[in-house]
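Reader: I have a model open and a few things to ask about it. Can we go through it piece by piece?
Author: Go ahead, one topic at a time.

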Amino acid sequence: MTDIHRLAAVLDEAARTARAVPQPEQGYDVAAAYQVQEELLRLRLERGDRLAGVKLGFTSEGKRRQMGVHDVIFGRVPESSAILDGSYADISSYIHPRVEPEVVYLIGRRIATVADALASGAVAAVAPGIEVIDSRYEDFRFSLPDVIADNTSAAGYVVGPWQPYDPARWNLGVVFEIDGRPVRTGSTGAILGDPRRAVAEAARLAGANGVVMEPGWILLAGAATPAEPLAPGAHVRAEIQHLGSVSFTASGGQP
Ligand code: OOG
Ligand code: MG
């Protein structure tokens with residue numbers, strides 16, 4: 001077994017058993033890290049999962065500062081990690097989950113290149129979303145290759161009602177609430193300075209990793225604010241100006 005397969009197996013097991021693992025001691029580069037991520041996905045698909053779409057991470061300064069990581073990263077969103085809007089979601093299979101507000105794009109056409117991403121119809125709709133992230137590493141600490149290998153901490157996602165995509169509405173207020181209290185506020189303009197750039201950025205990173213985005217896929221553009229710990233029983237809600245709101249309640253979990 002190569003190191004890539006070994007690290008993928010370790011991270012896969014960590015996710016399935018909800019037991020954190022130490023950061024790898026051996027150094028590896030970003031290209032190798034994306035290979036680990038691809039192998040992780042292959043293991044999930046082998047178990048019958050499907051790909052719902054892709055995500056970006058560290059697109060906002062708030063997130064980069066919170067995690068001490070400075071490059072935009074790309075990850076894959078498995079269908080099995082979907083949480084229904086307004087539902088109770090069992091969080092007992094997570095290690096140390098956090099939640100963050102997201103802008104979600106619905107991909108409208110096959111996107112293989114950055115030019116495809118800029119063409120009309122690339123985005124079919126937009127929605128407010130919430131991402132659950134759950135690093136498989138102890139203490140939620142990682143280097144850039146570590147977090148890429150760990151599929152960018154992807155663990156769950158919730159998509160609110162789809163809205164028609166209006167490119168003119170890009171700088172929108174974000175309110176993130178836990179138990180009815182606003183815990184973070186921000187604006188979607190924090191995402192790459194302009195969230196419309198997310199589709200091209202995802203196309204660039206997907207292309208570099210041999211991934212073609214398909215119509216019907218979702219794209220999580222990256223949190224506009226830092227993440228918050230997710231406790232059992234918490235009611236989490238994200239509201240984005242003009243786009244509406246999305247919420248869920250955490251049930252189960254390790255108190
Ligand atoms: C990595 C995931 C980052 C985002 O929206 O910036 C991310 C992490 O913070 O553990 O999903
Ligand atoms: Mg995110």
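**Notes on the model**

Author: Asp194 is buried, with a relative accessible area of 11% (buried means under 20% relative accessible area, exposed over 50%, partly exposed in between, with a 1.4 Å probe and protein chains only). Before going on: this is a predicted model, where local features need pLDDT of at least 70, side-chain atom pairs count only at pLDDT 80 or more, and totals for chains, interfaces and linings use all residues. Residues are numbered from 1 along each chain as its sequence is written, chains are lettered from A and ligands numbered from 1 in the order in which they are written, and side-chain values use heavy atoms, with hydrogens and water left out.

Reader: Where is Asp194 found?

Author: In the loop between β10 (181–187) and α6 (197–208). Helices (H or I, at least four residues) and strands (E, at least two) are DSSP runs, numbered from the N terminus.

Reader: And what is Asp194 in contact with, leaving aside neighbours within four places in sequence?

Author: Trp170 and Gly189 are in contact with Asp194 on that count. Contact means heavy atoms within 4.5 Å.

Reader: Switching to Thr225. Buried or exposed?

Author: Thr225 has 1% relative accessibility, so it counts as buried. Its place is the loop between β11 (218–220) and β12 (228–229).

Reader: What does Thr225 touch?

Author: Not counting residues up to four places away in sequence, Thr225 touches Ser60, Lys63, Glu100, Pro101, Arg184, Thr185 and Gly186. Take Glu100: 125 residues separate it from Thr225 in sequence, while the C-alpha to C-alpha distance is 6.9 Å.

Reader: OK, helices. At what angle do the axes of α1 and α2 cross?

Author: Roughly 55°, and the axes of α1 (residues 3–17) and α2 (residues 30–46) come within 9 Å. Axes are lines fitted to C-alpha atoms, for helices over the stretch in contact, and angles run from 0 to 180 degrees between N-to-C directions.

Reader: What do you call that orientation of α1 and α2?

Author: The two helices are oblique to each other. Angles under 35 degrees count as roughly parallel, over 145 as roughly antiparallel, 65 to 115 as roughly perpendicular and the rest as oblique.

Reader: Left-handed or right-handed crossing?

Author: α1 passes α2 in a right-handed crossing. A crossing is right-handed if the near helix is turned clockwise from the far one by less than a right angle, and left-handed if anticlockwise.

Reader: Which residues make the contact?

Author: On α1 they are Ile4, His5, Leu7, Ala8, Ala9, Leu11 and Asp12; on α2 they are Ala32, Gln35, Val36, Glu39, Leu40, Leu43 and Arg44. The contact residues divide into nine nonpolar, two polar and three charged. Ala, Val, Leu, Ile, Met, Phe, Trp, Tyr, Cys and Pro count as nonpolar, Asp, Glu, Lys and Arg as charged, and the others, Gly among them, as polar.

Reader: Now rings. How many aromatic pairs does a search of the whole structure find?

Author: Three. Rings of Phe, Tyr and Trp (its six-membered ring) pair if their centres lie within 6.5 Å; planes under 30 degrees apart count as stacked, over 60 as edge-to-face and the rest as tilted. One of the pairs is Tyr105 with Tyr165: the ring centres are 5.8 Å apart and the planes are at 90°, so it is edge-to-face.

Reader: Where do Tyr105 and Tyr165 sit in the chain?

Author: Tyr105 is in strand β5 (residues 98–107) and Tyr165 in the loop between β8 (163–164) and β9 (173–178), so the pair links parts 60 residues apart. Tyr105 is buried at 3% relative accessibility, whereas Tyr165 is partly exposed at 26%.

Reader: What about Phe140 and Phe142?

Author: Their ring centres are 6.3 Å apart with planes at 55°, so that pair is tilted. Phe140 is buried at 4% relative accessibility, and Phe142 is buried at 12%.

Reader: Last topic: what is the phi of Asn151?

Author: Positive, about 50°, although Asn151 is not a glycine. Thr152 also has a positive phi of about 50° and is not a glycine. Most residues other than glycine have a negative phi.

Reader: Where is Asn151 found?

Author: In the loop between α5 (144–149) and β7 (154–159), and Thr152 is found in the loop between α5 and β7 as well. Asn151 is buried at 10% relative accessible area, and Thr152 is buried at 4%.
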